[in-house]
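I opened this entry to keep a record of what I looked up, in the order in which I looked.

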Protein chains: 2
Amino acid sequence: MTPQIEMMFLLDRLARVHAAQRRMEGMTDAQIAALDYLSRANRFSRSPSVVAEYLATTRGTASQTLKSLAEKGLIIEHAPAGDKRQRMYDLTEAGRAIVVRLPGQLPLEQEPEALVAAARLILRSRVSSGSLPTFGFCRTCRYHLGRDGQGAYCQLLKLDLSVEERDQLCHEYLEPA
Amino acid sequence: MTPQIEMMFLLDRLARVHAAQRRMEGMTDAQIAALDYLSRANRFSRSPSVVAEYLATTRGTASQTLKSLAEKGLIIEHAPAGDKRQRMYDLTEAGRAIVVRLPGQLPLEQEPEALVAAARLILRSRVSSGSLPTFGFCRTCRYHLGRDGQGAYCQLLKLDLSVEERDQLCHEYLEPA
DNA sequence: CAATATGATAGCGAATCGAAACTATTGCAC
DNA sequence: GTGCAATAGTTTCGATTCGCTATCATATTG
């Protein structure tokens with residue numbers, strides 16, 4: 001029993017226990033995961049296709065999941081400027097109310113940064129074996145250009161980002177070199 | 001964005017990506033999880049009720065999952081001596097063949113022990129908020145009495161354990177004081 | 001004997017997957 | 001520009017699974 005194997009076993013059960021605890025108020029784990037994702041993603045990453053990639057499922061299933069969330073009044077659809085095919089989703093007040101009371105705090109006392117770094121490594125290794133995007137935060141993205149104190153600039157999309165947006169998930173995230 | 005929050009987000013997506021990758025050979029995530037569990041659990045922890053507790057679901061659902069695994073010929077049921085209500089399950093050769101080729105290796109280079117300890121802490125905090133058992137290994141169990149070189153003794157069940165059994169999951173696991 | 005525990009089963013609602021068909025829009029080659 | 005392939009999104013279908021509740025039979029415990 002190597003630490004690698006034990007780690008895998010622990011993560012597995014943690015995921016199942018977590019999913020069971022999140023399954024509440026008539027919502028499935030996929031719906032909660034999508035809602036939670038939408039609450040953390042930036043305005044360029046909240047479309048059905050991107051949700052499908054995040055959830056590692058098909059566009060069809062993601063479309064259904066988003067539909068059920070919209071019917072519950074937890075998210076709302078809107079058409080962004082530009083590409084007329086795209087749909088984007090925002091959380092409603094009701095949706096935000098659910099997200100904030102999700103069990104979110106983990107007991108990480110010592111060296112939380114090291115643990116997070118390891119989790120990033122694990123996820124990246126899983127993701128790279130397929131062809132799934134990484135979904136990271138602007139502040140550690142290769143395209144990110146900091147502007148001390150006042151927002152940031154994305155070199156990929158060529159536009160300014162607010163301070164809050166630096167801590168949101170992005171579909172276009174690229175690992176630092 | 002605290003490390004605790006980011007850790008939660010990473011674990012969430014890791015679970016979904018992992019489940020999607022495991023969903024192969026016509027098996028669902030729950031079935032693979034049950035099969036994997038059975039391959040690691042000791043002979044006292046392979047009953048439907050215990051599987052239900054491990055998977056954080058009900059006995060009814062666990063019974064269905066085990067039934068489908070048995071129909072696929074991956075596990076086989078047998079009645080242990082003692083309590084005549086109990087059923088135990090063992091992996092068949094076909095079942096074992098699937099388990100060994102599951103993606104199991106994680107890229108943990110530095111200080112894996114510290115990571116595993118942190119993961120244990122996270123899982124324990126999740127589990128204790130409900131009433132789920134911890135499911136640990138004999139070698140770190142409070143009931144475990146080492147006998148250098150030749151197996152071990154369980155002070156709870158009052159019987160000898162082989163060397164291999166020390167590295168198997170147990171339902172009765174109790175955290176060290 | 002009564003209460004409890006284990007397990008199986010049935011019924012229900014919902015979600016999921018995969019695949020496919022379909023619309024609308026966009027981008028590219030020419 | 002025109003034509004056509006590719007993309008984004010939705011919807012449908014059938015089969016399967018899941019989770020929950022409840023009920024039942026059996027066996028154990030007190």
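Which element gives the most to the surface near DNA strand D? I find that H4(A) does, with 6 residues, where helices are DSSP runs of H or I of at least four residues, strands are runs of E of at least two, and both are numbered from the N terminus.

I note that this is a predicted model, in which local features need pLDDT of at least 70 and side-chain atom pairs count only at pLDDT 80 or more, while totals for chains, interfaces and linings use all residues. Residues are numbered from 1 along each chain as its sequence is written, and chains are lettered from A and ligands numbered from 1 in the order in which they are written.

**DNA strands.** Around DNA strand D I looked up 26 residues, of which Ser47(A), Ser49(A), Gly60(A), Ala30(B) and Gly60(B) are the closest; a residue is near a strand if its C-beta atom, placed from the backbone, lies within 6 Å of it. By class this surface has 3 nonpolar, 15 polar and 8 charged residues, with Ala, Val, Leu, Ile, Met, Phe, Trp, Tyr, Cys and Pro taken as nonpolar, Asp, Glu, Lys and Arg as charged, and the others, Gly among them, as polar. Around DNA strand C there are 25 residues, and those that come nearest are Ala30(A), Thr61(A), Ser47(B), Ser49(B) and Gly60(B). Two or more residues each come from helix H2 (29-40) and helix H4 (59-71) of chain A, and from helix H3 (48-54) and helix H4 (59-71) of chain B.

**Chain contact.** The contact takes 49 residues from chain A and 48 from chain B, counting two residues as in contact if their C-beta atoms, placed from the backbone, lie within 7 Å. Leaving aside neighbours within four places in sequence, Leu11(B) is in contact with Leu14(A), Ala15(A) and Ala119(A).

**Symmetry.** I superposed the copies by least squares on the C-alpha atoms of residues with pLDDT of at least 70 in both: a rotation of 180° with 0.1 Å of shift along its axis brings chain B onto chain A, with RMSD 0.1 Å. The two copies are therefore related as by a two-fold rotation axis, and in chain B the C-alpha nearest that axis, 2.9 Å from it, belongs to Ala15(B). Because 100% of the interface residues of chain B are also interface residues in chain A, the copies meet through the same surface.
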